[in-house]
Amino acid sequence: MTLFHLYIPARAFLKSYRHGAVSKTLLGLRVWEFRNIYPCSSIAKHRSMEAILRKTVVPLPTYEMRDKSPPPPESNSLEFMHFYKCLEKEQRLEFLEKLSHDFGVDHKWVSDLARKLLDIQVRDPATILQVEDRLRYSLTPRYRHLLTHISKVQGGVKFLVDLRADLIEFASSKISDSSHMRDLNGTLKSLLSEWFSVGLLRLERITWQSPCEILQKISQYEAVHPVRNWTDLKRRVGPYRRCYAFTHASMPREPLVVLHVALTEEIANNIQSIVREFATLDANEDVNKINAAIFYSISSTQAGLQGVELGNYLIKRVVLELQKEVLSTCESRAYPVAEDRRKVTHPATGDDRCDGWMIDEKKRWRKSEFPHMAQFSSLSPIPGFTMWLHGVLAQHKKEGRATELLSEQEWMQVEDVTGAAPGAPAVEALRRLISTSEWIRSERLVLVLEPVLMRLCAWYLYGEKRRGYALNPVANFHLQNGATMWRLNWQADTSPRGIANSCGIMVNYRYFLQETSANSAIYLQNKVITSSEQVMGLVSQFQKNSKL
């Protein structure tokens, strides 16, 4: 190394010393050391995977020493992280396979303890419990301790989240499906679930005054309704809108899951009025016009946190946030008031009955920010509906059961509009019509297809199941949270994406706060979907036509 290479960290050290942050700089120097003294090309060339793993994955301490063994040096975690980041995709797969296979559970130790546990069943409870505890400890993979130590270094938690994203990608692409890799994924998921417990998360409201870095990430991570430009983003965090995100202390300025909310007079039936109209960009909110909160987009930003429950907790926290009371500018000590709350007079208006106002124990005026808000609902896309519909049409065409999908009158209308012959040609014409998305431009086609697509979509959401639960992932998410499948909305998303994914249909999942716990329980335990009369009416129409 040249003197120039030593000058940069030395200057940083002196600067931090002046500000009393020496320990933080020392950690930065260790990171700098592995990034500069051992660059990627050097490590990948001179250090084998086996050597790195033998050095960084320390043996599991004995049962007696499990709480007394000193932790491995922090440099082990840093070296493991840097080595992994230097690997190509194929090398990462090989590296993780070696880690999961060679540094997992000691199966011989587990077998010996299992046999011993069977042999001592006639002994006293204390002896049995001790052997059970030893067996439980022996089931700990060696790499679990490495993962735990990595989480304690700077950037370690984010590294593990990204590492699990690699594991998920390898599994989903069928590149690797070994039992050892699945066990590594399960172990890491379990750790992340503990580290990202809802009690450790922070709810942040994103506004136009939030750091630019956060706003840019909110824009990039939006997966439901893409943000087009900065004006669009300003609208989504401005008046009559709210944007909330969960963050974690170990991943600063990194939103984990983002929820967009529209504050409206009534439950919205289309997304155009929420994300594409800018009339209220600089308006002042009138709380008297806000009766409903519409959750129109929720996006998970970290692929590695798949399966770690965050979105459902975010919705519940946001509901509490919107219902939260705020202190008024007036305090009771400045305005004499009666002790009997029934006779309290509002200091500004003189009214003795003012909705939403009360006096707390500190005698300060409190009021709900949105006193008229009583309705909570999503406005959700229906990803997968169009794909499912193509499959249904193809299957019915192959089996000669096309007449079950549409009534005789509806088939005649389709034949008239498309000019196709009855039977299979009409089915194929309908399938092509839906796949091109051009039908949305014809008012006549829209009128013909509305009743057909609405009842087919209702059945897709309500009747199509996977292991007894809703096949559609968005429906499954809201139903698990205890929402009611409340209303299907025609031409609710007329964007090219909305037409291509769900023929422009969207659905409201309504959150009746007094019923969410019961709805969630009957869905999770009995697989019963709570639905409105509108949805059940459309389902009944489908069943009548299909003779189910």
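1. Salt bridges come to 24 in this predicted model, counting a side-chain nitrogen of Lys or Arg within 4 Å of a carboxyl oxygen of Asp or Glu. One of them joins the side chains of R92 and D166, at 3.2 Å from N to O. R92 belongs to helix α6 (residues 89-102) and D166 to helix α10 (residues 156-172), so this pair ties together parts that are 74 residues apart in sequence. D166 is buried, with a relative accessible area of 13%; buried here means under 20% relative accessible area, exposed means over 50%, and partly exposed is in between, with a 1.4 Å probe and protein chains only. Helices are DSSP runs of H or I with at least four residues, strands are runs of E with at least two, and both are numbered from the N terminus.

2. A word on conventions before going further. Residues are numbered from 1 along each chain as its sequence is written, and side-chain values use heavy atoms, with hydrogens and water left out. As the model is predicted, local features need pLDDT of at least 70 and side-chain atom pairs count only at pLDDT 80 or more, while totals for chains, interfaces and linings use all residues.

3. K217 sits in helix α12 (residues 212-221) and E254 in the loop between β2 (241-248) and β3 (257-264), so parts 37 residues apart in sequence are tied together. K217 is buried at a relative accessible area of 15%, and E254 is buried too, at 9%.

4. E428 and K397 form another salt bridge, with their closest N and O atoms 3.1 Å apart. This pair links distant parts of the chain, with E428 in helix α18 (residues 424-436) and K397 in helix α16 (residues 385-399), 31 residues apart. E428 counts as buried at 17% relative accessibility, whereas K397 is partly exposed at 35%. Elsewhere, salt bridges with shared partners join E213, K217, R253 and E254 into one network.

5. Now the sheet. Seven strands make an open sheet with mixed pairing, in the order β1-β2-β3-β4-β8-β12-β11; two strands pair if DSSP finds at least two bridges between them. The edges are β1 (201-205) and β11 (484-489), each with a single partner strand, so one side of each has no neighbour in the sheet. On average, neighbouring strands of this sheet are turned by 30° against each other, direction ignored.

6. Within that sheet, β4 (residues 292-300) and β8 (residues 375-378) pair in the parallel sense over four bridges, and A292 has Q375 of β8 as its bridge partner. The pairing of β8 with β12 is antiparallel, with two bridges; here S377 is partnered by R510 in β12. β11 and β12 (residues 506-511) also run antiparallel, joined by five bridges, and the partner of N489 in β12 is M506. Helix α19 (residues 443-462) packs on the sheet and touches β11 and β12, its direction making about 155° with that of β11. Contact means heavy atoms within 4.5 Å; axes are lines fitted to C-alpha atoms, for helices over the stretch in contact, and angles run from 0 to 180 degrees between N-to-C directions.

7. Helix α4 (residues 49-56) is worth a look as well. Its residues M49, I52, L53 and T56 are buried. They cover an arc of only 95° around the axis, which puts them on the same side of α4; the arc is that of the directions from the helix axis to the C-beta atoms. The buried residues of α4 pack against α5 (74-86), α6 and α9 (142-150).

8. The whole structure holds 15 aromatic pairs. Rings of Phe, Tyr and Trp (its six-membered ring) pair if their centres lie within 6.5 Å; planes under 30 degrees apart count as stacked, over 60 as edge-to-face and the rest as tilted. F80 and F95 form a tilted pair, 5.3 Å centre to centre with 40° between the planes. F80 is in helix α5 and F95 in helix α6, 15 residues apart, and both are buried. F80, F83, Y84, F95 and F159 form one aromatic cluster.

9. Finally, the overall picture. The protein chain has 23 helices and twelve strands, and 45% of its 548 residues count as buried. Of the contacts in the chain with a separation of 6 or more, 75% come from residues 24 or more positions apart.
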